[in-house]
Amino acid sequence: MAAHTGVDSGFKFHPNCLKMKLTHLCFADDLLIFSEASVSSVKVIKAALVEFEELSGLKANPSKSSFYCSGISDRVKNKLLTDLQMKEGNLPVRYLGVPLISSRLSSADCGVLLDRITDLIDSWLSRKLSYKFNRFLWNGKDVEAAKAKVAWSEVCFPKKEGGLGLKRLELLNLRDIAKKFLRFEVGNRENIYLWLDLWHPAEILIEKYGYRAVYDAQSREEAKLSSVIHNGSWFWKPARSDDLVDIQASLLEISLWPIDKPIWTASRKGVFVSSDTWEALREKKEQITWWKLVWFPFAIPKHDFILWLAMKGRLVTGDRLLTWGYNGDVNCVFCRNQLESRDHLFFECSFSYRLWKFCMFRCRVDNVPIVWEDILQLGLNDWGCKSLKAMLCRLVLGSVVYNIWCTRNEIKHAGHPKTEEQLLKKILWEIRTRVVGKGRFPKNKENLVFCSLWNLSAEVLC
């Protein structure tokens with residue numbers, strides 16, 4: 001555009017753009033072009049767009065473009081519209097429904113944008129969250145007869161405790177509970193409330209002793225701590241109750257500092273840290289043994305999710321369908337002679353075991369276990385390190401489980417499954433791509449063998 005706006009080009013800037021020499025603005029995939037409403041300026045703009053098309057292959061679509069003008073005659077306007085082959089737009093110009101004006105936007109001006117954002121969120125929730133989470137985890141609007149796979153409370157535990165690490169939003173509103181983490185070091189006493197803040201070794205005084213203690217101390221609920229300190233020493237009125245005796249008996253444990261200092265006890269640093277506060281607030285469970293087999297840096301997210309459900313025994317297999325009163329076919333779709341269960345699919349079924357065994361041989365595992373619990377034990381014993389072999393074994397477990405489950409669903413619902421050869425090719429490609437894209441491992445004899453077995457480039461070794 002700059003190459004076409006020289007002195008002799010015939011192009012004239014829009015009056016409000018002359019000082020900055022502004023010709024256009026880009027917003028994502030939208031383009032705004034500014035000029036004087038003259039035939040010569042429009043010719044320059046058309047020439048610039050044609051040159052851009054020749055260089056990039058991208059062509060402006062006149063049917064999706066608009067022409068805005070003001071202060072010109074109808075004859076000139078019609079001439080410009082004819083030259084540009086665009087429809088006339090109405091001022092003010094709107095972008096994403098919001099008027100582009102120099103004055104302050106009103107709430108009504110932003111209403112269209114807010115409605116669009118709300119519609120997009122609702123659309124995403126219905127397409128993504130309802131399907132990906134409701135369909136997989138709990139009942140969604142489109143799965144009326146489905147059973148919840150994993151309870152929401154279970155999903156919100158950290159990964160090492162068997163959940164997905166999501167945070168329960170209701171915990172973020174527990175202000176009254178979180179308030180107990182705010183303790184004060186006593187200093188000038190002007191910023192600390194005597195009865196309402198946590199400065200005493202016991203707890204917040206009014207919560208432990210009630211309003212009767214305030215009355216017995218001849219004080220007020222909103223009194224500051226400075227009301228009971230004089231010249232750097234405690235100055236309480238004589239105790240008139242056992243509660244006041246208890247309160248005053250602990251005062252010697254309290255150090256007096258130059259200034260009041262808030263301490264956030266939920267954080268090791270003494271200041272508010274959201275992650276530390278979350279840990280202090282949330283319910284805790286015992287750490288599970290298998291979490292590192294599912295969640296590790298090289299893991300493929302979609303594989304993680306299905307493997308996580310398999311680890312928890314929450315995939316909707318035939319044996320679980322029977323407990324829900326299902327009367328259809330619940331036999332394994334691969335071998336057709338056994339009840340479908342998690343342990344049968346992974347990998348007591350002859351079909352799935354062939355895939356599993358082939359991939360594990362490439363990981364140089366000779367005695368390939370067939371029982372689910374034995375597989376987990378092997379993984380816990382041998383795949384916990386950061387070696388290339390351990391990484392390949394964990395990737396194989398996730399990929400084989402994921403692809404067998406997807407193929408099972410294709411057979412059951414679509415009827416167009418991949419062949420064993422296609423499935424094996426896909427598994428090997430997924431693992432190879434992941435390692436090449438992410439990995440950097442020591443260059444040694446064992447890793448060179450793995451590069452050969454998996455057809456990996458030497459770039460993964462350093």
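Which residue of strand 2 does His-24 stand opposite? In this predicted model, His-24 faces Ile-33 of strand 2. The pairing to which these residues belong is antiparallel, with 4 bridges joining strand 1 (residues 24-27) to strand 2. The two strands form a hairpin with 2 residues between them, and within this hairpin Ala-28 adopts a positive phi near 55°.

The buried residues in helix 1 are Ser-41, Val-42, Val-44, Ile-45 and Ala-48. These residues lie on the same side of helix 1 because the arc they cover around the axis is only 160°. Their cover includes strand 2 (30-33) and helix 2 (74-84). On the face turned away from the buried side, helix 1 carries the exposed residues Lys-43 and Glu-54. Just after the helix, Gly-57 takes a positive phi of about 85°.

Gln-85, which is not a glycine, has a positive phi of about 60°. Its place is the loop between helix 2 and strand 4. With a relative accessible area of 54%, Gln-85 is classed as exposed, because the cut-off for that class is over 50%. A further case is Asn-455, likewise not a glycine, for which phi is positive at about 55°. Asn-455 is located in the segment after helix 18 (445-453). The relative accessible area of Asn-455 is 59%, and this residue is therefore exposed as well.

One joins Leu-91 and Pro-92, with omega at about 0°. Pro-92 is situated in the loop between strand 4 (87-88) and strand 5 (94-95). The other runs from Phe-346 to Phe-347 and has omega near 5°. Phe-347 is placed in helix 13, which covers residues 342-348.

The cysteine residues were examined for disulfides. With a pair of sulfur atoms required to lie within 2.5 Å, the count comes to 0 disulfides. For Cys-332, the nearest cysteine sulfur belongs to Cys-335 and is 3.7 Å away, so that Cys-332 is in no disulfide under the 2.5 Å cut-off. Cys-359 is in no disulfide either, as the nearest cysteine sulfur, that of Cys-363, is 7.4 Å away.

Methods: Residues numbered from 1 in each chain as written. Predicted model: local features only at pLDDT ≥ 70, side-chain atom pairs only at ≥ 80, totals over all residues. Heavy atoms only, no water. Buried < 20%, exposed > 50% of the residue type's maximum accessible area, 1.4 Å probe, protein only. Arc of directions from axis to C-beta. Contact = heavy atoms within 4.5 Å. Pairing = 2+ DSSP bridges.
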